[in-house]
Every structure is written in structure tokens, then in C-alpha cells.
Amino acid sequence: PEDMNIPPQEFDVRFPERFIKNTDYYNSLMMMYRCAIREIQTKLEVLDDEFSVKYNRNPISSIKTRIKKPMSIYSKLQKLGYEFTETNIREQLNDVAGIRVICSFIDDIYTVANLLAEQDDIKIIRIKDYILNPKPNGYQSIHTVVLGPGGKTIEIQIRTRQMHEDAELGVAAHWKYKEGASAGASGGRGY
């Protein structure tokens, strides 16, 4: 379609009726993703509490959540060759909703991943182990895509604090390869 080559900032200007038509659907869809994130976050907090009671320590240090911003969703769909529609958001993107879990120790990362996999109401769709197989830039984390409540996919990244700092500000920083090494430390992701 001709509008796939429009810069993201012009999308709503050149096709306002289409953008407005999709807004209600988009807002409803994002509400469903926010609800799914809350349910998974609550489940992670309960698993952390149960682990604490059983082993007298918590494997999870912190949990952060995020919903991908509209222009980021649009840009990613465009890059993949899809239109900005509710169906394409649901069916083509696994990272609209994201949860980042920070653990104290590497063993805790695998404990949390295994506890998630044992849940009856969560289906693991994909696991990428960047700890055993780090990316060439040194990035380390476990990435798990789960099918959560309401059939929404949620990407869960599980890492230690050091892995997180390396990913956000260090040699494995996401913004370094997206924006070049001259970008400032403010280039981290929106978790």
C-alpha cells in the first residue's frame, strides 16, 4: 500500500480518517495488553512471595513493565511490511507488552523462567537464552514470549542487575546500534 512509505510522524496527518478510525480499536487493544501485563506481573509477584516463604529469599529484585509506544508499533509493523491495524498488532508483534524482571543471581533467572513455565494459565511460545548464547555485542538476558491472559503475547526479559546495566548503558546498549555510539546515555529503552 502507498501509505507504507510515509514517515511515522506524518501518518496521522496524511490519513487522519484512517488514524481516527483505528484509534478506538487501538486504545481498546492497548487496554487489553495493560490488563494482561498486570496479571502476569501479579503472578510473578506471587511466585516471588511463594519462593520467599519456602527458601527464605526472593529471586526477583524488581519488575518493570511497558507498553510499546504507538509510533514504535507503527514503525515496527512498517519495517516488517504490515499495515498499522489491530489484527497486525496482535498477530505480527510479540513485544507490544513487555515485562523486565531483574534478579540478583544468574540461577535466579532460570528459577523464575522455570516457575513461569510451570504455570497452567501461561503458555511459553518462545525462549531465547542470551546468557548461554550472548549476542555478539555481549548482551545477556533470557527472553521469553508467553501467551498470557486474553491470548495476548507478552515478552518477558529476565536478567541480573549487571546484565541490565550493560544492556542499558554499557557495551551491549540497545541504543548504541540503533542510534550509533555518539548517542547519550538517555537512549535506553522505556522500561
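Which strands does helix α6 (residues 161-168) lie across, and at about what angle to β5 does it run? Helix α6 lies across β1, β2 and β5, and its angle to β5 is about 110°. The legends below describe a predicted model.

**View 1. Overall fold of the predicted chain.** The protein chain has 191 residues, and 42% of them count as buried. It holds seven helices and five strands. Read from the N terminus, the elements follow the order α-α-β-α-α-β-α-β-β-β-α-α. Contacts between residues at least 6 apart in sequence were also sorted by separation: 59% of them join residues at least 24 apart.

**View 2. The five-stranded sheet.** The sheet is open, and its strand order is β1-β2-β5-β4-β3. Pairing within it is mixed. Strands β1 (60-67) and β3 (123-129) stand at the edges. Each has a single partner strand, so one side of each lacks a neighbour in the sheet. On average, neighbouring strands are turned by 20° against each other, direction ignored. Strands of a sheet pair through backbone hydrogen bonds, either parallel or antiparallel.

**View 3. The β2-β5 pairing.** Strand β2 covers residues 97-103, and strand β5 covers residues 153-160. The two run parallel and are joined by seven bridges. C103 is buried, with a relative accessible area of 1%.

**View 4. Helices across the sheet.** Helix α5 (residues 106-117) lies across β1, β2, β3, β4 (142-147) and β5. Its direction is at about 155° to β5. Helix α6 (residues 161-168) lies across β1, β2 and β5. The angle of α6 to β5 is about 110°. A117 lies in helix α5. At 42% relative accessibility, A117 counts as partly exposed. A117 and V146 are 29 residues apart along the chain, and their C-alpha atoms are separated by 9.0 Å.

View 5. The structure holds three aromatic pairs. In one of them, the ring centres of F51 and Y55 are 4.6 Å apart. Their planes meet at 40°, so the pair is tilted. Both residues belong to helix α2 (residues 16-55). They are four residues apart there, a separation of about one helical turn. F51 is buried, at 12% relative accessible area. Y55 is partly exposed, at 47%.

View 6. The rings of Y130 and Y139 have centres 5.8 Å apart. Their planes are at 65°, so this pair is edge-to-face. Y130 is buried, with a relative accessible area of 15%. Y139 is buried as well, with a value of 8%. K135 lies over the face of Y139, at 5.3 Å from the ring centre.

**View 7. K152 over the ring of Y33.** The charged end of K152 sits over the Y33 ring. Its distance from the ring centre is 5.9 Å.

**View 8. The loop residue N56.** N56 is found in the loop between α2 and β1. Its phi is near 60°, a positive value in a residue other than glycine. N56 counts as exposed, at 70% relative accessibility.

View 9. L93 is found in the loop between α4 (86-92) and β2. Leaving aside residues up to four places away in sequence, L93 touches I73, K76, L77, L80, N88 and T153. L93 and I73 are 20 residues apart in sequence. In space they are 8.3 Å apart, C-alpha to C-alpha.

View 10. How many disulfides does the structure hold? The number is zero. A disulfide is a covalent bond between the sulfur atoms of two cysteines. C35 is partly exposed, with a relative accessible area of 28%. C103 is buried, at 1%.

Note on methods: Residues are numbered from 1 along each chain as its sequence is written. This is a predicted model: local features need pLDDT of at least 70, side-chain atom pairs count only at pLDDT 80 or more; totals for chains, interfaces and linings use all residues. Side-chain values use heavy atoms; hydrogens and water are left out. Two strands pair if DSSP finds at least two bridges between them. Axes are lines fitted to C-alpha atoms, for helices over the stretch in contact, and angles run from 0 to 180 degrees between N-to-C directions. Contact means heavy atoms within 4.5 Å. Rings of Phe, Tyr and Trp (its six-membered ring) pair if their centres lie within 6.5 Å; planes under 30 degrees apart count as stacked, over 60 as edge-to-face and the rest as tilted. Buried means under 20% relative accessible area, exposed over 50%, partly exposed in between (1.4 Å probe, protein chains only). A charge sits over a ring if NZ of Lys or CZ of Arg is within 6 Å of the ring centre and within 35 degrees of the ring normal. A disulfide is a pair of cysteine sulfur atoms within 2.5 Å.
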